[in-house]
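Work through the exercises below with the sequence and the 3D structure at hand. Each task is followed by a worked solution.

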Amino acid sequence: VLMEHLDPDEEDEEGEASASTHARNKAITALLGGSSPKNNAADSYDDDSEADEKAHGVSPISDVFIRLLMSDITVTLKTHMFVLLQSSRKSRRGGDSAEASGHMNETVEARDVIAICCPKYKDRPQIARVIQKTSTGYSIRWMAGSYSGTWAEAKKRDGRKLVPWVDTIKESDIIYKKIALTSAHKLSNKVVQTLRSLYAAKEGTSS
């Protein structure tokens, strides 16, 4: 009976107050710890991006760059090795050619060991050490030895004494310059072969 005497306007006001309270409580809850659907979506996107990055490790662009860099390094190394090999071969060929020609393009200096083809002597080979250059050629000290034996300074008798055998030669008498004797004071096999060929050519020309 009492409820029947309530004003309908008062019932409407109570309903509006209840709705307002519910909305306020919902807002407070959201501020204290809740998150909007929009925020949840953003967090989910970030998590997915991080998962993708961890799964792939390196991006495709970085992988291509690394492969190109390694390829360039390999090509560069191969090019340098080829150039060094070619240079070594040319140097070796140049040394063999100079030895075969008797190093005749070299300049003769004091104390150089040389081979000579002097017409007044029949000994083979004729080896000497240069003393100095003269106006007509060179002054030399003859050496005594053989193709297969050791070489030492030659001596000749001067009265009762043995003295170094000094002589003079012309530039044109030299057939091999810059001879390097071995540690045992012998001619190397290559020098022996070259000298035999040079003397044979000289004798063939003279005859």
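**Exercise 1.** How many bridges join strand β1 to strand β2, and do they run parallel or antiparallel?

*Solution.* The model is predicted, so local features need pLDDT of at least 70, side-chain atom pairs count only at pLDDT 80 or more, and totals for chains, interfaces and linings use all residues. Residues are numbered from 1 along each chain as its sequence is written, and side-chain values use heavy atoms, with hydrogens and water left out.

Step 1: locate the strands (DSSP runs of E, at least two residues, numbered from the N terminus). Strand β1 covers residues 113–116 and β2 covers residues 126–133.
Step 2: apply the pairing rule, at least two bridges found by DSSP. Here 4 bridges join β1 and β2, and the two run antiparallel.

**Exercise 2.** Which residues stand opposite A128?

Step 1: look to β3 (residues 137–144), where W142 stands opposite A128.
Step 2: β2 and β3 are joined by 5 bridges and run antiparallel. They form a hairpin, with 3 residues between them.

**Exercise 3.** What is the mean pLDDT of the protein chain?

*Solution.* Step 1: pLDDT is the predictor's confidence in each residue, from 0 to 100. Its mean over the chain is 76, and 59% of the residues reach 70 or more.
Step 1: over residues 1–6 the pLDDT is below 50, and beyond near neighbours in sequence this stretch has 1 contact (heavy atoms within 4.5 Å) in the model.
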